[in-house]
Each structure stands twice: as C-alpha cells, then as structure tokens.
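Hi,

Here is the structure I promised to pass on to you. Have a look at it first, and then read my notes below.

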Amino acid sequence: MTRRPFICGNWKMFKTSAEAAALARELRAQVGGVAAQVAIAPPFTALPAAHNALVGSSVELFAQNCHWEASGAYTGEVSAPMLRELGCAGVILGHSERRQLFGETDATVQKKLKAALGAGLTAIVCVGETLAEREAQRETAVVSTQVRGALAGGLTSADTARIAFAYEPVWAIGTGKVATPAQAQAMHATIRGLLRERVGGAADGIRILYGGSVKPDNAATLLSQPDIDGALVGGASLQAADFSRIVAAARERV
Ligand code: PGA
C-alpha cells in the first residue's frame, strides 16, 4: 500500500502571530502543489494569523496539544472543538516535551486522541524512548507501551485515516543527534506490527513519521526507509528554506 508522505512542522513555543503569518506566507509560496501532505503547528496564539496566511493553500494547520474535554473548568486549556473552529485540521499529541515537562501520560494521550478524532481532527501521536531507556535496551518495550496506551480506548478502521504516529527518540530531539535510518526503520516496523495487531491490514495505511533532528541533509535517507512515511520537524521547520527542502525530499519519495 502506498502511503502519502506527511511532513509536519512543530514550531513549539516559537513565533508571535506576526512572525507566524510571515513564515506561513513564505512556506505556502515554497511548498505549494506538492504531492506530500504538509502541515505546520504554530503555538495556539498564532493559529488565527497562520490560518489567514494559509487560506487557499494546501498547507494544513495543526495545533500542538489539546484537552480531552470539549469544555469545562480547566484553566489554561484548549479543547479539540475550539481548534477545529480556528481552522485546524489536526493536532500533535503526547509530544515528549509534554510528557516530560507537563506530566502527560499514556492515559491522557489516549483521552486526548479520542477527543481529537471525535472533533474531526487528525492526530499525530508521538512516542519515543529516552537515552537511558535505549542504553538499557528498553526502547522497544517503552515505545510499545506508549503505542498500546494511546490506542487503549480502541481504534476503528474509520479512525485509521485520521491518525498518524511519530517516532521521536527523545535523545534525538533538538540535539542534532539523529537516529540512524536503520534504528528508525526498526522501530517504525515494530510500531506497524503493533498497529496490525489492532486494525489488521488497515495498519498499512497509517503513516508513521520520524522526528528528532530531521534536517534537509538527512531527510531523504530517512524517508527512503520502507516504514518511514514522513517527518515531524522541529528546529528546521522554523526556516522556510530548510522546511521546503525537507518537503522536497518527501516529494521525491512519492
Ligand atoms: P527537532 O524537534 O527537529 O528540533 O529535533 C523535533 C520535535 O520535537 O518534534
């Protein structure tokens, strides 16, 4: 089964609304008309400005997190229907920074996934082991637990079209230390095997992105692996030229 490559930029807590609009405008000019699915995930406050800058382009708008309830007494939180209203097509869930710094667990990721899909959003569920876990050769166990945990609420075959996973080894995020294509491929194949246990052959249609120091000069090699279907890009997504080169690498894979 061919899977459409998917490149998503995770802007983290960078870019004011004005800066986001400018970068979104640059990107739409540079990555328009490509076969790959392309998305950017600015901070919450910059979503409306980025949305305006992207009107009429194929570049999609994603958020970086959401709450699991549609509304309620949850000070400081933002819900999936609220993101939908702002024009978001999807949301990143369970990023390692959220897990490590903001107490997210497999249980909250699972509830958020259910809420996101229920609101009509696409979700990118992030998983990945720390350096200590890899050194202890526990990476497969850790990532398997995260994948199973995210899907503990069940996954219908209809959901499979709107879910993607991102394997992001924590030791590779923002460090310049990228997983080797073989290390990444091995984990992606493991994840696909877990997905097959859940949804059978439909697992072959689910995109699994790699994330962690993806740059223009390593994107093509990573994307040439059979189970690497795209990239979740942090630092390199903040420069239009770099992000466009990564998108171009995905285009070559199509
Ligand atoms: P990086 O971040 O590309 O800067 O390593 C990736 C991510 O955190 O999603």
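The shell of residues around the ligand divides into 4 nonpolar, 7 polar and 2 charged ones. Please keep in mind as you read that this is a predicted model.

In total, 13 residues surround the ligand. If you want to find the closest ones on your screen, look for Lys-12, His-95, Glu-168, Gly-174 and Ser-213.

In the side chain of Glu-168, an N or O atom lies 2.6 Å from an oxygen atom of the ligand. For Lys-12, a polar side-chain atom is 2.7 Å away from a ligand oxygen atom. Gly-234 takes part through its backbone: a polar atom there is 2.9 Å from an oxygen atom of the ligand.

How much of the ligand does the protein bury? On its own the ligand exposes 280 Å², and the protein buries 97% of that. As for where to look, the ligand sits in the second largest pocket.

Now for another spot, Ala-18. You will find this residue in helix 1, which covers residues 17–31. Is Ala-18 buried or exposed? Its relative accessible area is 60%, and exposed means over 50%, so Ala-18 counts as exposed.

Enjoy exploring, and write back with any questions!

Best wishes

Conventions. Residues numbered from 1 in each chain as written. Predicted model: local features only at pLDDT ≥ 70, side-chain atom pairs only at ≥ 80, totals over all residues. Heavy atoms only, no water. Near = heavy atom within 4 Å. Polar contact = N/O pair within 3.5 Å; in protein donor to acceptor, adjacent residues only side chain to side chain. Areas by Shrake-Rupley, 256 points an atom, 1.4 Å probe, with all protein chains shown as cover. 1 Å grid on protein atoms, 1.4 Å probe; cavity = no way out; pocket = protein on both sides within 12 Å on 5 of 7 lines; lining within 4 Å. Sits in = over half its atoms within 2 Å of the grid points. Nonpolar A, V, L, I, M, F, W, Y, C, P; charged D, E, K, R; others polar. Helix = DSSP H or I, 4+ residues; strand = E, 2+ residues; numbered from the N terminus. Buried < 20%, exposed > 50% of the residue type's maximum accessible area, 1.4 Å probe, protein only.
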